[in-house]
Structures are given as C-alpha cells and as structure tokens.
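Please set out the local features of this model, from the ligand surroundings to the strands, helices and aromatic pairs.

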Amino acid sequence: MGIKKKIKGYESCSGCGVCLLVCPLWRSTGSMAYTRKGRAKAMQGGVAPEDIASSIDACFMCGSCEPACPEGIDIVGMNLEQRRRLNESRSSYPAWYPKNEIHTSSRNSKLPQTNTILMAGRNLDGDIKIVENIVSLLGGDKSIAISDDDGRDIAAAVEAGLPVPPERIALFISLLRNAKNLIVSEGILHRQLREWLPAKKVMGIGEALLNIQSIRKALGPDDIFIVESRGYHSDFERLVKFYDRLRKDTGCLMNLDLQRIAIPTGASSLRGAHNRKTAGCSEHSAWILKGRKFKRIVVEDLSDIEVFQEITDVPVVHLSMIVK
Amino acid sequence: MQIPVIEPGCIPPDPVSPDSLKGIPRQQTNPARRSIENWKGFVEHLRSQSVLVREEKSESSVFVTDAGGLAFGLPHGVVRPNSAEDISKLLKAAQRFRVPVTVRGGGLTTEGESVAFGGILLDMSSLNKVLEIDTKAMTVRTQAGIFWHQLAEILRREGMDYLSAPLNLTASVGGTLGVGGIDVNSPRLGCSCDQAIELQVVTPTGDIMHCSETENPELFERVLLGYGQFGVITEAVLKIRKFSPLTMQYYYYASLTTAIEDLQMLSKADAADYAGILTILDRAITLLVAFDSDERQKDFEKKWKPKLRGHGEFGFGLLMAKYYLLRPWKIEEALYIVSRRFTLFPEFNRAEFMRDGKIIDRTVVFSRAVWKFWGGRQMVIPDLSAKAEKFAEAVERGNAVCRKYFKYYTLYCVGIKLKGNLPRYEMSCIPPDASDIAYGCEFEPMLRDTDYSRDYLQSFKNEIYDIGVDMGLSYYRFGGMMKGYIRSVFGDELVEKHLAMKKAADPAMILNPDVIF
Ligand code: SF4
Ligand code: SF4
C-alpha cells in the first residue's frame with residue numbers, strides 16, 4: 001500500500017475567502033454561510049455538520065473552489081466528507097437525494113475490446129441519436145465501446161455522500177481494465193476513476209470531441225462553448241491549457257471566467273436535475289451569458305441545453321451535433 | 001521622545017501612553033463579551049419591524065474571528081440586511097436598547113475590529129448588487145456590501161474595471177472606503193476611498209443620508225476614512241476605467257534604502273502604472289512595476305529603466321551567490337530566499353491568469369498570491385505610513401525590529417497619491433505632514449510552522465508602533481486593539497475633537513465600539 005497523501009481539511013482553512021470568488025452559491029446568495037469558507041469557519045467554531053445542513057446540501061459539488069484555494073485544500077473531498085458525516089446524523093434526506101439503489105450487478109454483459117470506452121451517464125441517457133453520433137465521430141464501433149454500466153448509480157451516491165460498497169466499485173472497474181481511454185460524461189466520476197484506475201486516461205465528452213479537427217473547425221467566434229465544470233476542475237491545470245489552445249484556434253467564447261474557472265449552470269447536479277428552479281440554474285446560466293455576444297450556444301453537458309433554451313432565443317446545441 | 005530598548009517577548013511598561021485612552025492596555029486581549037440588558041426585547045422589537053436577528057451558532061460562528069486570527073468573539077445575533085431601511089431600523093433600535101453593532105464586510109481586519117464581542121454583527125455581504133454602470137460618465141453605483149472581486153467581475157463583462165482596490169479582493173467596498181484601500185496603483189490613482197463620488201450612508205442614529213463633495217460634505221468627509229465610526233455606508237458611486245490586461249517587470253535590490261529611493265523616484269514621476277516593493281527578508285528586495293498599456297511600458301523603458309539601480313534576475317543571482325558564499329553560516333537563509341523566489345514569482349504568471357503574455361486576472365492573481373504566500377490562519381501585519389522624507393528611515397527601523405523578532409518576514413511598500421488636503425485625512429492612515437504622495441510599509445512575519453505566543457507578537461507590534469510615535473508617523477491599521485496609540489500619535493486635542501463628533505453622532509456609542517472609541 002502506498003503512502004496516503006496528507007489531505008488538508010477544514011482545519012487548514014485560513015478564511016481567505018478566495019474560494020468565494022468562484023462559487024456560484026456565493027454569487028447567487030451573497031451569504032457567507034453558504035460557501036466553503038463559511039462552512040470551514042463554522043466547523044472551526046465548533047458546529048456540527050447537522051447545524052449547517054442547509055449549506056452542505058446546497059453545494060453543487062462543481063469543484064470551482066478547489067483550484068482557487070491557496071491553501072491547497074482538497075475542497076471537493078472535504079465537501080463530500082461533510083455530506084457523508086451529515087448523512088450519518090440524519091434519517092431523512094432532501095427530496096433531490098438519489099432514490100435508486102446501488103446496482104449489485106453490472107449491466108455490462110459483453111463489452112467489446114476497444115481502446116476507448118464511453119460512459120454516457122445520466123446526462124446523455126435517452127438521447128440515442130447523440131450517443132450514436134459521438135461514437136461515429138470518435139471512430140465507430142471498432143474504436144469505441146459504450147459501457148452499459150456507466151456508473152451513474154455510483155456518481156449519484158458519491159455526490160450525495162452515500163456509501164458505495166467496495167464490491168460495486170470493483171465490479172464497475174473490472175470491465176474497464178482493458179481500455180486505455182475512458183470518456184466519461186459524469187464529471188463527478190473523473191477524480192474517482194483516476195484514483196481507482198490511475199493508468200487510464202480519463203476525459204470528458206468535450207475534450208474527446210474537441211480533439212477532432214472537424215469539430216474544432218465548426219466552432220467559431222460566434223459561439224459560446226459551455227464546459228462541464230466538474231470534470232474540468234478535477235484536471236484543472238492541464239485543461240486550462242487545452243481550452244486556451246481551443247480559444248486561440250477557434251476564437252470561441254467559453255464559460256471560463258476569472259482564473260479560467262468553468263462557471264456551472266448547476267443543471268447536472270442532483271439538485272439541479274431534481275428542480276432547476278430551486279437550484280437557481282437560470283440565474284447561473286444568465287450570469288454565464290451576461291455581456292457576451294454570440295450567435296450559438298454549444299454545450300458539453302446535455303443537461304445544460306434546456307436551461308439555456310429557457311433564457312435565450314439563440315440556438316443551443318450539443319457539441320457532437322455541430323458537424324454533420 | 002526616547003523609546004527604551006526592549007527584549008523580544010517582553011511587554012515593557014507602556015512607553016507610549018499610560019494615559020492614551022483610559023483603561024486600554026497595549027496588550028491584545030479579547031474584550032469581555034458585552035451583556036445586553038434587554039436582548040429579548042430588542043430582538044422582538046426588530047422582528048416586529050421585519051428585521052430578522054439570527055441567533056443560531058451556525059450563523060454567528062462564521063464570524064468568530066477576522067483575518068488577523070488573534071481576536072475571537074461571538075455576537076449575540078447576526079443581521080443580514082436587505083436594504084438601507086433595515087439598517088436604519090437596526091441602528092434606531094440599537095440606540096434605544098443600547099446594543100453594540102459591529103459592521104462586517106469581508107472581515108479583513110487584523111486587530112479584531114470586525115469581530116463582535118456580543119451584540120449584533122451586521123453582515124453587509126447581503127447588500128451586494130451593482131445598481132448601475134454608466135460607461136459615459138465612467139462611474140458605477142453599487143451596494144456597499146459587495147466584495148471587490150464581485151464588482152470586478154461584473155465590470156469586466158462591460159469591459160470596465162475599478163480604479164484601485166485592496167490587493168485582497170475579498171474586502172467589501174464599504175469597509176474599504178471606511179479605511180482607505182491601497183493598491184499597487186495607489187501611487188498613481190490614490191486610495192480607494194478617494195474614488196468615491198457619492199455615498200448613501202445610514203448614520204449611527206438611523207437616518208438614511210446621501211452625501212458627496214457637494215451634498216452633506218461634512219458627513220462625506222467623516223465617513224470616508226472614518227473607520228466605521230460615523231455611519232454605515234450602504235451605497236457608493238465610484239469612478240471606473242476601461243479594463244486592460246497588464247504586464248509586470250521586476251528589479252532586484254540588495255539595499256532597502258536604494259529600492260525605496262527608486263520607488264519614490266518612479267512614483268513621483270508617475271513613471272509606471274503600478275509600483276511597489278516586496279521583499280524576502282531584507283536581502284532580496286524586489287521593485288515591482290507594471291503597465292496597463294504598451295505605450296506606457298515603452299515610455300518607462302526609454303526614460304526610467306536606465307535610471308533604476310536594481311539588477312536583473314541573473315545579475316542579482318550572482319550578487320546573492322557572492323554574498324552567501326562569503327557567509328556560509330547563513331546557508332539556511334540563502335536556501336529560504338531561493339525557494340521562496342522559485343515558488344512566489346511563477347505564481348504571478350500562472351497559465352490561468354495570463355493571456356498572450358499579459359496578466360488578465362490581476363484581481364485573482366493578487367488575492368490568491370497574497371494569501372498563499374503571506375496569509376494563514378493568523379496574520380500579524382503592523383505597518384507604518386510616512387511622508388516621503390521620513391519613509392526610508394521608518395522602513396529601515398521597522399526592518400531592524402523584524403530582524404530582531406523573526407527568522408523570516410516580508411516587507412511591502414507602496415505610495416499613496418493624496419487628493420489635496422482633505423478633512424477625511426485628519427486622524428487617519430494618512431500621516432498629518434504628508435503632501436502629494438504618502439508611503440506605507442507593512443511588516444509581516446511569516447508565522448507558518450512556528451508557534452509564537454500572543455505576547456511575543458504583541459511585543460513585536462508594539463515596537464513597530466513605537467517607531468510611529470517616535471517619528472510622528474501614522475498607521476494604516478490603527479483601529480482595534482491598538483487604539484491606545486491614537487492619542488499619543490495625534491495628540492489630545494485632535495482625539496478629543498473626534499471623540500466629541502462621535503458622541504454627537506452616536507449618543508449611545510453603539511456603532512463599531514472598540515475600533516477607535
Ligand atoms: S463546490 Fe462549487 S458550489 Fe460547492 S462550495 Fe465549491 S464552488 Fe461553491
Ligand atoms: S480558499 Fe481555501 S483557505 Fe481560503 S477560505 Fe476557501 S477553503 Fe478556506
């Protein structure tokens with residue numbers, strides 16, 4: 001067993017507030033209590049997770065605050081841990097908590113031996129046209145396999161701070177071992193998969209598609225491309241450079257704001273998926289678009305399409321659909 | 001006045017002011033939590049006026065300390081106002097029920113000024129809306145609880161920027177206007193409070209007033225740089241400018257005085273858009289200059305660069321190598337400087353802050369770097385501000401105190417352009433004898449990984465502050481628990497004058513108690 005990296009927790013928080021700069025909840029509530037700083041300071045002040053349950057539940061787990069933190073605190077890990085501790089102390093959960101049980105068997109009966117596996121997840125689920133299009137863009141059935149077991153139950157449990165049995169994780173990753181690249185639409189699974197399968201290249205749908213020249217060429221200065229925030233922040237330093245090159249090559253706008261943080265709409269969070277209105281998704285999306293001039297919105301995360309359609313008349317399309 | 005020599009860690013009998021303000025010790029201790037006679041009645045009264053007082057520990061514990069991390073206290077309740085009217089109701093009730101009200105923006109005070117030791121903590125961060133951006137008049141009207149970074153983001157979408165703000169952008173606009181607000185461009189653009197064109201203020205007795213240089217000018221001049229004594233700023237109209245990315249250059253010095261002379265030369269001549277000194281101990285002294293435009297940079301390089309006595313990185317590296325090779329017993333210090341140099345400067349050039357070789361997110365760069373390299377759960381940053389002629393001596397003397405107390409520390413020096421001889425500068429961080437440009441220096445020990453006692457830190461601060469008394473200077477952060485110095489620095493007459501104004505404005509003395517009065 002390797003030496004475990006020392007992870008800094010809430011006790012290391014200096015209270016600098018740099019995480020506020022990028023937090024969508026700080027922007028929308030203006031309440032310190034709903035921020036990572038607020039939770040850390042309250043915990044340092046001796047409160048228990050159940051005393052700050054509304055703040056812990058409100059967090060989108062977008063991960064925007066983590067790259068910003070000068071103390072190098074594992075903020076996403078800390079957020080998840082707080083949810084886990086909160087769950088231990090309560091018997092009823094918010095309405096948006098996942099209802100489905102963790103799967104006990106894998107839905108993958110026969111996964112073809114390919115270099116790349118696509119895990120469509122909740123977000124792409126139900127839009128078979130888009131999934132087929134992605135597969136064909138990425139080289140067709142011979143190059144890429146779609147995993148029926150896309151780990152969506154694990155993603156939901158991780159986000160909600162609910163336990164995932166080790167057997168389930170073992171089952172999930174056992175079928176992925178032969179592939180080199182994992183294309184994963186559930187951003188929250190990226191960091192977990194890197195931990196479980198460190199030799200694999202884990203990427204989001206956006207990065208995978210944007211490596212294709214025809215797609216890059218189809219983006220231009222009239223587009224605003226909406227990067228999925230969780231996967232992006234989990235591999236921030238590398239992806240900052242990747243998207244900088246994209247901006248240079250295509251001139252497109254992006255939801256990468258101050259410090260190249262990807263502003264989330266919140267739509268793909270469990271809270272947002274349950275009720276976009278109470279999660280404030282329109283407000284966050286409106287902020288992404290404010291003051292920017294574009295003729296088309298291109299999204300990486302399918303769940304962002306409807307949110308933008310609600311607030312604007314310009315066409316909103318998934319990245320995979322911008323080329324024929 | 002003769003200041004006696006003291007040993008580190010020892011708090012000597014007060015050489016400054018046994019009579020400064022009665023009962024205020026020079027030693028930093030938390031004031032006792034105030035007991036409020038009719039707290040329930042007060043809360044009920046406010047509730048009947050639709051002002052919610054939050055009494056849960058989860059609400060108040062967020063505010064248990066400030067950026068200094070040395071003062072700890074909890075309010076009885078927190079109010080998050082929705083409007084100036086809410087604050088008016090609160091202050092009227094506070095006068096009647098004699099409940100202290102501590103106003104908090106970003107909580108970036110270092111001496112406990114924004115920590116409530118009982119009473120109400122007024123959390124201004126709920127008033128965070130930008131109300132109007134006028135790109136013709138080049139002004140922004142904003143609620144004053146907004147943090148500078150929020151304002152910067154909103155202005156940026158319009159291609160605009162604020163003029164100058166504190167390096168740490170998690171400060172609120174209202175809090176900053178109350179204490180000054182110094183940026184690296186302050187030698188050119190002045191402090192943040194001098195950008196204010198108009199304010200909405202709730203007075204300590206609850207009147208909602210508008211003020212500017214022409215409307216209620218006395219209130220305007222009292223509230224700006226007023227350390228929260230004369231009202232709560234709820235809205236501000238500030239000057240703005242067009243946004244531009246910046247380029248930064250560094251010049252390295254081995255002598256503090258030489259670097260200061262060059263800084264003053266550049267500041268006086270308005271040679272760069274940004275200029276300041278940042279040191280690693282007193283060995284690696286960096287003069288930072290930055291430019292908003294290529295033209296300004298070219299002009300600087302032609303006219304001023306040849307006059308600077310600082311070295312380039314390579315030349316300075318050689319100089320340092322020679323110095324430490326001759327002093328091998330100082331190897332630890334040399335290694336510290338090298339490691340600090342190689343971690344700090346790349347931080348200013350991180351890919352996520354840059355675009356096409358220019359810094360586009362200076363707001364974040366500075367906030368993040370300030371905390372990463374100088375921040376921590378405790379911060380001790382005594383400072384001195386002086387007129388140009390006294391500045392180099394003040395810094396050298398403060399540096400000697402730092403050397404005496406700490407292995408590792410940093411100094412940060414910057415100029416502040418004054419806007420004439422304004423009443424707001426009286427009894428403020430602006431030294432009384434300064435004209436045109438005042439200069440400030442922060443003396444910051446690196447506290448990480450070492451536990452110092454509070455007494456030790458206090459002795460250090462006292463020694464720095466004593467320099468101010470001795471040389472007739474002022475302090476940027478003179479509120480909070482070091483207010484005992486105010487009488488010695490400014491004299492009885494001036495302090496009595498301000499105390500009388502405070503008593504007239506705030507009969508029950510409830511607004512921001514213990515900060516100055
Ligand atoms: S994960 Fe996102 S929503 Fe949660 S505290 Fe961080 S920035 Fe805010
Ligand atoms: S950025 Fe990090 S250290 Fe600063 S307040 Fe947030 S969690 Fe704490």
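This is a predicted model: local features need pLDDT of at least 70, side-chain atom pairs count only at pLDDT 80 or more; totals for chains, interfaces and linings use all residues.

## Surroundings of the ligands

M61(A) is not a glycine, yet its phi is positive, about 60°. With a relative accessible area of 3%, M61(A) is buried.

The shell around ligand 2 consists of C13(A), S14(A), G15(A), C16(A), G17(A), C19(A), R36(A), K37(A), C69(A), P70(A), E71(A) and I75(A). Six of these residues are nonpolar, three are polar and three are charged.

## The parallel sheet of chain A

Chain A has an open sheet of four strands in the order 2-1-3-4, with parallel pairing. Strand 2 and strand 4 (201–203) of chain A are the edge strands, and each pairs on one side only. Between neighbouring strands of this sheet the average turn is 20°, direction ignored. Strand 1 and strand 3 (residues 181–184) of chain A run parallel and are joined by four bridges. T116(A) has N181(A) in strand 3 of chain A as its bridge partner.

V184(A) belongs to strand 3 of chain A. It is buried, and its relative accessible area is 1%. Apart from neighbours within four places in sequence, V184(A) makes contact with M119(A), L189(A), H190(A), L193(A), V202(A), M203(A), G204(A) and I205(A). The C-alpha atoms of V184(A) and I56(A) are 26 Å apart, and the two residues are separated by 128 residues along the chain.

## Helix 7 of chain A

In helix 7 (residues 128–137) of chain A, the buried residues are I130(A), V131(A), N133(A), I134(A) and V135(A). An α-helix has 3.6 residues a turn, so residues three or four places apart point the same way. The elements covering the buried residues of helix 7 of chain A include strand 1 (116–119), helix 6 (121–124), strand 2 (144–146), helix 11 (205–210) and strand 8 (316–318) of chain A. After helix 7 of chain A comes G139(A), which has a positive phi near 110°.

## Strand 3 of chain B

In a regular strand the side chains alternate between the two faces of the sheet. Strand 3 (residues 120–123) of chain B is covered on both faces: I120(B) and L122(B) are buried on one side, and L121(B) and D123(B) are buried on the other.

Strand 1 (residues 77–79) of chain B runs parallel to strand 3 of chain B, and three bridges join them. Here V78(B) has L121(B) as its bridge partner in strand 3 of chain B. Strand 2 (residues 101–104) of chain B also runs parallel to strand 3 of chain B and is joined to it by four bridges. V101(B) has I120(B) as its bridge partner in strand 3 of chain B.

## Aromatic pairs

Over all chains, the whole structure holds 24 aromatic pairs. In chain B, the ring centres of F391(B) and Y439(B) lie 5.4 Å apart with the planes at 35°, so this pair is tilted. F391(B) is in helix 13 (residues 388–405) of chain B and Y439(B) in strand 17 (residues 437–445) of chain B, so that the pair links distant parts of the chain, 48 residues apart. Both F391(B) and Y439(B) are buried.

The rings of F406(B) and F460(B) have a centre distance of 4.8 Å and planes at 90°, so the pair is edge-to-face. F406(B) lies in the loop between helix 13 and strand 16 (409–417) of chain B, while F460(B) is in helix 14 (residues 454–471) of chain B, so the pair ties together parts 54 residues apart in sequence. F406(B) and F460(B) are both buried. In chain A, a cluster linked by ring pairs comprises F225(A), Y232(A), F236(A), F242(A) and Y243(A).

## A positive phi in chain B

D270(B) has a positive phi of about 50° and is not a glycine. D270(B) lies in the loop between helix 8 (256–269) and strand 11 (274–280) of chain B. Its relative accessible area is 31%, and D270(B) is partly exposed.

How values were computed
Residues are numbered from 1 along each chain as its sequence is written. Chains are lettered from A and ligands numbered from 1 in the order in which they are written. Side-chain values use heavy atoms; hydrogens and water are left out. Buried means under 20% relative accessible area, exposed over 50%, partly exposed in between (1.4 Å probe, protein chains only). Helices (H or I, at least four residues) and strands (E, at least two) are DSSP runs, numbered from the N terminus. Contact means heavy atoms within 4.5 Å. A residue is near a molecule or strand if one of its heavy atoms lies within 4 Å of it. Ala, Val, Leu, Ile, Met, Phe, Trp, Tyr, Cys and Pro count as nonpolar, Asp, Glu, Lys and Arg as charged, and the others, Gly among them, as polar. Two strands pair if DSSP finds at least two bridges between them. Axes are lines fitted to C-alpha atoms, for helices over the stretch in contact, and angles run from 0 to 180 degrees between N-to-C directions. Rings of Phe, Tyr and Trp (its six-membered ring) pair if their centres lie within 6.5 Å; planes under 30 degrees apart count as stacked, over 60 as edge-to-face and the rest as tilted.
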